[in-house]
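This report is written for someone meeting the structure for the first time.

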Amino acid sequence: MPHDSPFTFPLSLPTSQPLLTITYLHHGLWVIELHNGEDSRLTERLLVDAFRPALDIVEKHWNENRRTALAKDQQGKTTGKGGEGALIIVGKRDQDKFFSNGFEYERIKGNPGFFADIANPLYARLLTYPIPTIAAVNGHCFAGGFMLALCCDYRVMTDGSRRRAWMCMNEIHFGAPWPLSFTAMLNAKVSDASTRRRIALEGHRFTPSEAHAAGIVDRLASCSGTGVDLGTDNVLKEAIKFAKEVSGLPKEGVWGAIKTFLYRDCLETVRLDAREHTLSLPSIPAKL
């Protein structure tokens with residue numbers, strides 16, 4: 001088990017009936033696997049009791065690695081490593097049908113504080129995370145799961161050659177209004193107005209090739225073959241390859257700070273209390 005600190009991996013959270021697992025592959029590369037059922041629904045328990053602490057653990061581990069490397073540099077014991085970092089988020093690894101099927105709408109629609117107090121702070125955290133984040137989209141990616149992937153810095157998706165996979169914001173089809181945070185994140189991450197219209201107002205199901213052509217995903221992973229686990233394995237391999245290419249970018253410690261200003265307007269909206277779906281922006285800030 002590779003580790004260079006008191007942290008021990010793999011680590012599953014929460015301790016009782018875990019919903020995700022953190023793996024440390026090698027120096028500066030972490031994987032969070034979502035496994036809340038077969039379709040990795042983003043429930044309150046997953047977000048609060050698993051995802052939040054998982055992000056805390058990865059960030060703390062990365063900071064410790066970086067401090068250790070800096071101390072060695074000051075002592076003239078340069079290792080050539082330290083400060084590198086990247087986090088991959090993937091759906092359940094023993095299947096290749098879902099990355100995440102989003103929220104459980106029937107449950108959250110009765111919770112007026114769900115977005116302001118639970119979902120939005122997590123999205124904001126990803127938008128400003130101090131190391132590159134890569135969504136390894138190993139299957140269908142719907143609604144809140146789509147937004148989770150969009151909040152990551154990069155997206156690698158199955159090419160759909162083994163089995164079909166779609167990215168879709170399907171709220172228009174079942175009558176769920178968007179919170180302000182969704183519109184802000186879409187505007188920040190998708191620059192083309194016609195693509196935003198297809199996502200938000202048409203609920204278009206983007207195939208992998210369409211998502212790549214539209215710039216929604218950065219790379220496609222070749223997943224042709226017959227093995228049940230081949231799709232996710234290949235998506236993860238491509239995501240790891242991508243992660244290695246960008247893992248040196250946060251070494252100077254400003255990756256998250258630059259993103260905070262890059263997405264400043266988006267973050268201000270995400271942090272608004274969007275409990276009421278009105279056309280005017282509410283003036284009361286959310287408690288984060």
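Cys-266 counts as buried, at 5% relative accessibility, where buried means under 20% relative accessible area, exposed means over 50%, and partly exposed lies in between, for a 1.4 Å probe and protein chains only. A search of the whole structure finds zero disulfides, a disulfide being a pair of cysteine sulfur atoms within 2.5 Å. Cys-266 is accordingly in no disulfide, and the nearest cysteine sulfur, which belongs to Cys-151, is 6.9 Å away. Cys-151 is likewise buried, with a relative accessible area of 1%.

## Basis of the model

This is a predicted model, in which local features need pLDDT of at least 70 and side-chain atom pairs count only at pLDDT 80 or more, whereas totals for chains, interfaces and linings use all residues. Residues are numbered from 1 along each chain as its sequence is written, and side-chain values use heavy atoms, with hydrogens and water left out.

## Salt bridges

Over the whole structure, a search finds 15 salt bridges, each being a side-chain nitrogen of Lys or Arg within 4 Å of a carboxyl oxygen of Asp or Glu. One of them joins Arg-125 to Glu-59, with the closest N and O atoms 2.8 Å apart. This pair links distant parts of the chain, since Arg-125 lies in helix H3 and Glu-59 in helix H1 (residues 44-74), 66 residues apart. Arg-125 is partly exposed, with a relative accessible area of 24%, and Glu-59 is partly exposed with 23%.

Glu-104 forms a salt bridge with Arg-107, where the closest N and O atoms are 3.5 Å apart; Glu-104 is partly exposed at 27% relative accessibility, while Arg-107 is exposed at 64%. The side chains of Glu-202 and Arg-197 also meet in a salt bridge, at 3.8 Å from N to O.

Helix H6, residues 180-189, is mostly covered, with seven of its 10 residues buried. Helices (H or I, at least four residues) and strands (E, at least two) are DSSP runs numbered from the N terminus. The buried residues of H6 are Leu-180, Ser-181, Phe-182, Ala-184, Met-185, Leu-186 and Lys-189. What covers these buried residues includes helix H3 (114-127), helix H4 (144-151), strand S8 (154-158), helix H5 (171-174), helix H7 (193-200) and helix H11 (264-270), with contact meaning heavy atoms within 4.5 Å.
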